[in-house]
Amino acid sequence: MRRLVGRIMNNVTKMELYKVLSKPQVYIIFVVGLIIQSIMAGQMRTTMFNGYHKSVYENYMNEMEGEYSIEKKEYINSEYQKFQAIMDDEQKNEIAFNNGKIDGKDYHSIINEEKKAQYRIATVKYIVEKTEYYDSLDKSAQYFYDIEISDYIENLRFNVIPIIVILLIVVPMYTDDIYAGTLAMIKSSKNGRMILLKSRLNISLLISLLICILFAFIEFVTKYIIFDLGNLNAGVESLMIERTMHLPYIISDLSIWQFIVLLYLFYLIISVMISIIGLLVSKISRGNIEAFSIMSVIIVGVSYILNIL
């Protein structure tokens, strides 16, 4: 009996999977979703402040590259104090020039130094804050150009694109029964109904896993090609996101690439759960509009909760 049931379930699963994969719209949805994902992955939503200059930060990070040290802390503090002193003397130098105490050539040189200070000081202040943060850690952190990887992680939120693709493929597995007129026949068979549900749950799980993994891979590869993701082997404590995201101590011991994988696994579990809920909702709904309306509310609610955590 078990062999027979297993054989029936295998055959039902294969048949249901064939029904899904034989629809041209499934491939259209999949390809369009991948294109949208690639385009959005190519956008960098910077979390940096006004006055920040990438070139200044990159130059200092190249100069200070490597593990934190007291010497590097003293160096960047002296740089900040130097620029602050130049800006503090701006009004005094202008008065001295107007009173003829500074000639035109020297004043022109002073103005250039003031412009350099104004251009650099906000970014240098950020590096000073980073240095103080490193100094407060009970482990060694590393300097490297980390802005784009920090932006990537801080903007790595619950992604609705693969969820929409999954639901557009999964939900019709039940709602199509309504339009095909086979719903009454399915309801009349208790055992067949359970076998069908299990088969469709298995297919939903498989589709969800494949799509979420592939979309996450596409997002990472796109960003890796377009942006400078820095030293992925460095500890996540080297990124100041640990301060803003309030990471548990055990997570703060991970490398950056391990932390990214952990984030993706977290969102993968949530995405799979939503896809299964979508299948169950489609089972009790009266059509695509009702099913997608309910799932839209659920997705918005989950996105809101996750983005405020």
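I looked up the handedness of the H5 and H6 crossing and found it left-handed (the near helix is turned anticlockwise from the far one by less than a right angle). The axes of helix H5 (residues 90-98) and helix H6 (residues 104-136) come within 11 Å and cross at roughly 165°. That makes H5 roughly antiparallel to H6 (angles over 145 degrees). The axes are lines fitted to C-alpha atoms over the stretch in contact, with angles from 0 to 180 degrees between N-to-C directions. Helices are DSSP runs (H or I, at least four residues), numbered from the N terminus.

I noted that the model is predicted, that local features need pLDDT of at least 70 and that side-chain atom pairs count only at pLDDT 80 or more, while totals for chains, interfaces and linings use all residues. Residues are numbered from 1 along each chain as its sequence is written, and side-chain values use heavy atoms, leaving out hydrogens and water.

I then searched the whole structure for salt bridges and found six (a side-chain nitrogen of Lys or Arg within 4 Å of a carboxyl oxygen of Asp or Glu). One of them joins Lys-54 and Glu-148 at 3.3 Å, N to O. This pair links distant parts of the chain, with Lys-54 in helix H3 (residues 54-64) and Glu-148 in helix H7 (residues 147-154), 94 residues apart. Lys-54 is partly exposed at 42% relative accessible area, whereas Glu-148 is buried at 10% (buried is under 20%, exposed over 50%, partly exposed in between; 1.4 Å probe, protein chains only).

I also recorded the salt bridge of Lys-116 and Glu-113 at 3.9 Å, N to O. These two residues are three apart in helix H6, so about one helical turn separates them.

Definitions and conventions:
Parallel < 35°, antiparallel > 145°, perpendicular 65-115°, else oblique.
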